[in-house]
Amino acid sequence: MSTATVPPRKVNRIGLEVLSYKGARTTLCAGCGHNAISERIVECFYELGVDPFNVAKFSGIGCSSKSPAYFLGLSHGFNGVHGRMPAIATGALLANHTLMGIGVTGDGDTASIGIGQFMHLIRRNLPMIYVIENNGVYGLTKGQFSATADLGSTLKTGTSNDLPPFDCCALALKWGATFVARSFSGDKRQLQAIIKTAIAHKGLSVIDVISPCVTFNDHVGSTKSYSYMKDHETALHELDFVPHFEDISVEIPEGQVMDVAMHDGSHLRIRKLARDFDPTDRLASLAALEEAEKKGEVLTGVLYVNTQKPTFMELLNVVDKPLGTLPESATRPPRSVLDQVMEELR
Ligand SMILES: Cc1ncc(C[n+]2csc(CCOP(=O)(O)OP(=O)(O)O)c2C)c(N)n1
Ligand code: SF4
Ligand SMILES: [Mg+2]
């Protein structure tokens, strides 16, 4: 009889193994940036001990929008129409605001057909995480330029893009987003810190992740390729996320680290690199993006965080209990009141 002992199961603070945070096996191309983002989402939700049964995943149409199938298989999920994920997420989260919402979208899904929905989601500050998997092309329909493709970047055929790009982070800042970050699917550490901060953020978190499409946009001439990002990514700062359940009394050198207290008691520690950058200054952030664009740099990091602005649920003064669970007597005026209204309108 073997005397070998079985190693203890590794579980997170709510007793779940990492397997409980995984989804189906990916059907995306090997090496697609979107796969790395799904892996980071699995790690962050596992490490922070978010209850997967309490998460709702939303997406539109695109290779990126297929991603929610590949993480958090125990969570709720809704794959909507192209560009309309924000409307579906707004309805679902209003019906049950106790769910944590995460949406995954593409640059085509957000910056072309869905741009109007994106605008209104930001305006409302709906509490959810909104990840844009930005590869500069419509991957699913075989690699046409999207509205985030840079001026002068080329397709594999050599065709050059002659329209200026939308910068989704600059638009989000302009329209009043409360958490705006840019990262690169190949920057594991930074992307983890950003996703964890988004989990802790009380409002809408817009995360634009440059996520190379290895099949249609990873060649010389592309500005969304792995090699272009290796040469042009300019990190604004180093990020450390300290969750609310961990001891935060770590010594921090004065003047070099900025501490942002999140609503749930977690802390984002921002260690400055070469430049002075204050992610609570919206105008400075917009200026930094403009400057980087001129220099051909891709700025990554937390571009803006505002923990004060009310969320859509707070503005609407939504009751504590999920609306979807309230009895009809609490959501519909009684017959007598409706009759009285009709009488008054006669
Ligand atoms: C209403 C509608 N219009 C157009 C399409 C065709 N279509 C499918 S995916 C897509 C773009 C996907 O690009 P993106 O959102 O960047 O995702 P990616 O595949 O690059 O991850 C388009 C135009 C569609 N499915 N529905
Ligand atoms: S076509 Fe591009 S975006 Fe779609 S799965 Fe393949 S590499 Fe990813
Ligand atoms: Mg795309």
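The shell around ligand 2 is made up of seven nonpolar and four polar residues, with no charged ones. Keep in mind that this is a predicted model. The residues surrounding ligand 2 include four cysteines, Cys29, Cys32, Cys63 and Cys213. Leu28, His34, Asn135, Gly139, Val214, Thr215 and Phe216 are also part of that surrounding group.

Next, turn to the magnesium ion, which is ligand 3. Asp107 (OD), Asn135 (OD1) and Val137 (O) coordinate the ion at 2.1 to 2.2 Å. Along the chain, these donors follow the spacing D-x27-N-x1-V. Distant parts of the chain are linked here: Asp107 sits in helix α4 and Val137 in strand β5, 30 residues apart.

Now for ligand 1. Which residues come nearest to ligand 1? Of the 17 residues around this ligand, they are Cys63, Ser64, Gly108, Asp109 and Gly139. The shell divides into six nonpolar, nine polar and two charged residues.

| Residue | Part of the residue | Distance to an oxygen atom of ligand 1 |
|---|---|---|
| Ser64 | N or O atom in the side chain | 2.7 Å |
| Gly139 | backbone N or O atom | 2.8 Å |
| Val137 | polar backbone atom | 2.9 Å |

Taken alone, ligand 1 exposes 590 Å², and the protein buries 75% of that. Elements giving two or more residues to the shell are α2 (63–66), α4 (107–113) and β5 (137–138). The largest share, four residues, comes from α4.

Finally, look at two helices. Helix α3 (residues 85–95) packs against helix α5 (residues 115–124) at an angle of about 35 degrees, and their axes are 8 Å apart. On the α3 side, Met85, Pro86, Ala87 and Thr90 meet Gln117, Phe118, Leu121 and Arg124 of α5. By class, this contact has five nonpolar, two polar and one charged residues.

Key: Residues are numbered from 1 along each chain as its sequence is written. Chains are lettered from A and ligands numbered from 1 in the order in which they are written. This is a predicted model: local features need pLDDT of at least 70, side-chain atom pairs count only at pLDDT 80 or more; totals for chains, interfaces and linings use all residues. Side-chain values use heavy atoms; hydrogens and water are left out. Axes are lines fitted to C-alpha atoms, for helices over the stretch in contact, and angles run from 0 to 180 degrees between N-to-C directions. Contact means heavy atoms within 4.5 Å. Ala, Val, Leu, Ile, Met, Phe, Trp, Tyr, Cys and Pro count as nonpolar, Asp, Glu, Lys and Arg as charged, and the others, Gly among them, as polar. A residue is near a molecule or strand if one of its heavy atoms lies within 4 Å of it. A polar contact is a pair of N or O atoms within 3.5 Å; within protein, one must be able to donate a hydrogen and the other to accept it, and residues adjacent in sequence count only if both atoms are side-chain atoms. Accessible areas come from the Shrake-Rupley method with a 1.4 Å probe; for residues, only the protein chains shown count as cover. Donors are N, O and S atoms within 2.8 Å of the metal (3.2 Å for Na, K and Ca); water is not among the atoms, so sites may look incomplete.
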